[in-house]
Amino acid sequence: MTTTLASTLHPDLLRPDPARWPGLATVPRAPLRARAVRTLLRRAADRTGIRVVVPGGRSWGPPDGPVLDLRRPAEFCARVGRDGLIGFGEAWMTGAWDARDPVAVLERLAARVGTLVPSPLQRLRRWFVRRQPAADDGTPTGARANARRHYDLSN
């Protein structure tokens, strides 16, 4: 098993620099979505075979599964509830969750990604998931515009 860098650092060192990452410095407010994420995460733990450990030592899922350590569950749920997969990544960047073996956790989640959200709730997706801007389409023009926005191409 591997240990991530985040696992070895003091939790205060995991806070992003507000000047460099202003979007990560503040935890989003999304109480209803956060509650839904918490419920879905409990179901996903059993369905994917991961064990989710929350502060205080409580856990969900099988005792022998790869561990997703929720250090700040409210932040994790709010970020995922508001921004989905992007929020999942941002929650890791801020230290809201960690894993000794992140590859094993992500593999289990990815293997069941199509069923993590129950079918009836998937129909509501278009109201909760931000659409990709038309300028980001897969055309050569869209790809050039996307690259210009994200990379310094001056040299």
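How many helices and strands are there in the protein chain? This predicted model has 8 helices and 4 strands in the protein chain, where helices (H or I, at least four residues) and strands (E, at least two) are DSSP runs numbered from the N terminus. Residues are numbered from 1 along each chain as its sequence is written, and side-chain values use heavy atoms, with hydrogens and water left out. Because the model is predicted, local features need pLDDT of at least 70 and side-chain atom pairs count only at pLDDT 80 or more, whereas totals for chains, interfaces and linings use all residues.

**View 1. The whole protein chain and its order of elements.** From the N terminus on, the elements run α-α-α-β-β-β-α-β-α-α-α-α. Of the 155 residues in the protein chain, 34% are buried, buried being under 20% relative accessible area, exposed over 50% and partly exposed in between (1.4 Å probe, protein chains only). The accessible surface of the protein chain comes to about 10,500 Å², and 58% of it belongs to carbon and sulfur atoms; these areas come from the Shrake-Rupley method with a 1.4 Å probe.

**View 2. The open sheet of 4 strands.** The strands form an open sheet in the order S2-S1-S3-S4, with mixed pairing. Strand S2 (59–60) and S4 stand at the edges, each with a single partner strand, so one side of each is left without a neighbour in the sheet. Two strands pair if DSSP finds at least two bridges between them. Strand S1 (residues 51–53) pairs with S3 in the parallel sense over 3 bridges, while S1 and S2 run antiparallel and are joined by 2 bridges. S3 and strand S4 (residues 97–98) also run antiparallel, joined by 2 bridges.

View 3. Val53 stands opposite Asp69 in S3 and opposite Ser59 in S2, and Asp69 has Asp98 as its bridge partner in S4. In a regular strand the side chains alternate between the two faces of the sheet. In strand S3 (residues 67–70), Leu68 and Leu70 lie on the covered face, whereas Val67 and Asp69 lie on the uncovered one.

**View 4. The largest nonpolar core.** A nonpolar core is a set of buried Ala, Val, Leu, Ile, Met, Phe, Trp, Tyr and Cys residues joined through side-chain atoms within 4.5 Å. The largest one has 23 residues, of which Val52, Trp60, Leu68, Leu70, Phe76, Phe88 and Trp97 touch the most other members. Helix H3 (31–48), S3, helix H4 (73–93) and helix H5 (102–111) each supply at least two residues of this core, and the largest share, 6 residues, comes from H4. Leaving aside neighbours within four places in sequence, Leu68 is in contact (heavy atoms within 4.5 Å) with Ile50, Arg51, Val52, Val53, Phe88, Trp97, Asp98 and Val105.

View 5. H3 and H4 pack at an angle of about 105°, with their axes 7 Å apart. The two helices are therefore roughly perpendicular to each other, a term for angles of 65 to 115 degrees. Residues making the contact include Val37 and Leu41 of H3 and Phe76 and Val80 of H4. Ala30, in the loop between helix H2 (22–25) and H3, counts as buried at 11% relative accessibility. Not counting residues up to four places away in sequence, Ala30 touches Ala78 and Arg82. Ala30 and Arg79 are 49 residues apart in sequence and 7.9 Å apart in space, C-alpha to C-alpha.

Definitions and conventions:
Axes are lines fitted to C-alpha atoms, for helices over the stretch in contact, and angles run from 0 to 180 degrees between N-to-C directions. Angles under 35 degrees count as roughly parallel, over 145 as roughly antiparallel, 65 to 115 as roughly perpendicular and the rest as oblique.
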